[in-house]
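My entries follow in the order I made them.

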Amino acid sequence: MSALADVAISGPIGGRAQWLSGLRWLVLTLIGLAILLGNRLMGTLLPTRPIWAVLAGVLLYNVLFWWLTDRLARRGVSHRRLAGLLRMQIIADLIALTLLLHFSGGMENPFSLYYLLLIVIGSILLTRRDSYLFALIASFLWAGLLLAEGTGIVPHYNLAGFRLPIRHQEWNHIIAQIVVLTSAAFFVSYLSSTLIHRLRQNERELYETNLACELRAEELAELNERLQNVDHSRIMFIRLVTHELRAPVAAIQSYLRLILEGYVPAERMEEIVTKAEQRASDQLALISDLLDLARLREGQPADDVELCDAAAILEDVLDLMQARIENRQLEKHVQIEPELPLARARAEHVKQIWINLISNAIKYTPRGGKVCVTLGMHHDMLRGIVRDTGIGIAPEDQERIFEEFFRTERAKGTARQGTGLGLSIVKGLVERYGGEIRVESVLDQGTTFTFTLPTISEDHAEPLTASEHTASAV
Amino acid sequence: MAKILIVDDDPDFCEATRVVLESAGYQVVTAPDGDTGLRRVNEEQPDLVILDIIMETVLEGLHVSREMANDPTKSQIPILMVTSIANTDYAALFPTDEYIHISGFVSKPISPANLLNRVAALLR
């Protein structure tokens, strides 16, 4: 039973129809064998020819329905039409059973119980309403047959030796048979369709639970992967910082050894010591960067509001970068609107924003490329744009570049130096003053960073609008 | 006296190495990256190259050594590779499955006496 239910309940409706057809082949074979065997054992009691004719009819419509179902399922017709086909098959089976019963003794034949079996099959395969429909049809067919035979409208074939030949005309018997079958039919259809209904419900719930579990598992796997990535980034960060902190110490140590072991001629002593000192300063700058970042992460508010000239700072930074720009043979375009208001931010922070963005643009743009820097007003905010024709950032990385320690694979491949901190610091600084920063990028074509800072004139910040932003980036 | 080319993106390392080598009377030229390094090899015809493995890109130094090995006019020039690679996270990126065309390793920070010994041995 469980195997049948599996096929019947979970399979698509086309599968259920195929299952019914298969079952019908089996029943046809069994009935055929029973007739052959019965005739051999008991002599020819029954009119064999009409029974064979009915069986042939069943065989024919079985083939027909099987072919139709296959065709319709292949064409992908609706569930309802396939169910309709299935309903017609069960009704055909009920009629065939009635005919077989008629030719094999009518009321005398105990196989009339098989009406109930068909109703059960119908309930398994179709809906509860269908189940009651089958019970109704079965009752009508059985009553019709018994009444027709009892009144002599159709002939009665007596199972000689099995039942008394006059029984089919006893009215109390006919009525009892009709009542028993009718009540049994409805009872069976009620029970089986209720059971099947519950079974299907459980199955659906189980399926939904399974689905939910699978989704949850996927979410967990994803989360786990992200955590591992974060962990990996942190480990890489520590290694990188270690590396970055080591290089200057190694250089300073090299200089000191030279001095100690007397390799430095007296006339170069001051120069070498100065270099070592410079390297130590760089080291301190890096360390204070790290501390800055740590402080930004702690989210200290900008308690000390200062004013500064972002345009003048930009020009200073460009002077600072000039050697690197020339070294990489980059084309530089600078556009600064005249008479800009002062920025409401600390000068060292604005300087750091420019340095980080512009040095990134230089670092990740191949020789001969362009770096464009623009500073102007946008609504009530100062707006800075740093655009390059560099390696670009893949769309999936664009959300992540402001994360601490994150560096794209391409960035790592292009430039070794880099802690993955620069953009985190820029974002932290811009947002500290109530500004915004955005990135737009196309791989191999370039990247545009746009940020805003508040000015002396206004306190409230207008967000960048998408259209204006796009226009500015073209 | 022999001419030595130092290829390293750390200017302080170049300078420190230059001081040591010049104290022993060698003539020194430097290059800040691999491409410049290869150009200097052509221009200067050095007798020895001191090469950092990791410069701007992770394997720039290896690229230089490979280029030199493939050029018959340069393949005879000995290469002394300098690195702190064994202690860094770049160790995993270092190819172990190919022959590296170098004559020896020294590590940072350099020990002046050791450096001079290695250089003298390679130039002999």
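I began with Cys14(B), which is buried because its relative accessibility is 8%, under the 20% cut-off. The model is a predicted one. I then looked up Cys213(A) and found it partly exposed, at 46% relative accessibility. How many disulfides are there over all chains? The count is 0.

Next entry: salt bridges. I picked out the one between Asp12(B) and Arg279(A), with N to O at 2.8 Å. This pair crosses between chains: Asp12(B) sits in helix α1 (residues 11-23) of chain B, and Arg279(A) in helix α8 (residues 269-298) of chain A. Are the two partners buried or exposed? Asp12(B) is buried at 10% relative accessibility. Arg279(A) is buried too, at 12%.

Then two pairs within chain A. Lys427(A) and Glu431(A) meet in a salt bridge at 2.8 Å, N to O. They are 4 residues apart in helix α13 (residues 422-432) of chain A, so about one helical turn separates them. An α-helix has 3.6 residues a turn, so residues three or four places apart point the same way. Lys427(A) is partly exposed at 26% relative accessibility, and Glu431(A) is partly exposed at 42%. In the other pair, Glu403(A) bridges to Arg400(A), with the closest N and O atoms 3.3 Å apart. I have Glu403(A) as partly exposed at 30% and Arg400(A) as partly exposed at 24%.

Next I checked a helix length. Helix α6 (residues 128-151) of chain A has 24 residues and should span 34 Å at 1.5 Å a residue. Its end C-alpha atoms are 35 Å apart, which agrees. Just after α6(A), Gly152(A) takes a positive phi of about 85 degrees.

I moved on to Ser359(A), in helix α10 (residues 347-363) of chain A. Ser359(A) counts as buried because its relative accessibility is 14%. A polar atom of its side chain lies 3.4 Å from the backbone oxygen of Asn356(A). Beyond its neighbours within four places in sequence, Ser359(A) contacts Met321(A), Arg324(A) and Trp354(A).

Last, chain A overall. I count 14 helices and 5 strands. Of its 474 residues, 43% are buried. Chain A exposes about 26100 Å², with 60% supplied by carbon and sulfur atoms.

Definitions and conventions. Residues are numbered from 1 along each chain as its sequence is written. Chains are lettered from A and ligands numbered from 1 in the order in which they are written. This is a predicted model: local features need pLDDT of at least 70, side-chain atom pairs count only at pLDDT 80 or more; totals for chains, interfaces and linings use all residues. Side-chain values use heavy atoms; hydrogens and water are left out. Helices (H or I, at least four residues) and strands (E, at least two) are DSSP runs, numbered from the N terminus. Buried means under 20% relative accessible area, exposed over 50%, partly exposed in between (1.4 Å probe, protein chains only). A polar contact is a pair of N or O atoms within 3.5 Å; within protein, one must be able to donate a hydrogen and the other to accept it, and residues adjacent in sequence count only if both atoms are side-chain atoms. Contact means heavy atoms within 4.5 Å. A disulfide is a pair of cysteine sulfur atoms within 2.5 Å. The expected span of a helix is 1.5 Å times one less than its number of residues. Accessible areas come from the Shrake-Rupley method with a 1.4 Å probe; for residues, only the protein chains shown count as cover. A salt bridge is a side-chain nitrogen of Lys or Arg within 4 Å of a carboxyl oxygen of Asp or Glu.
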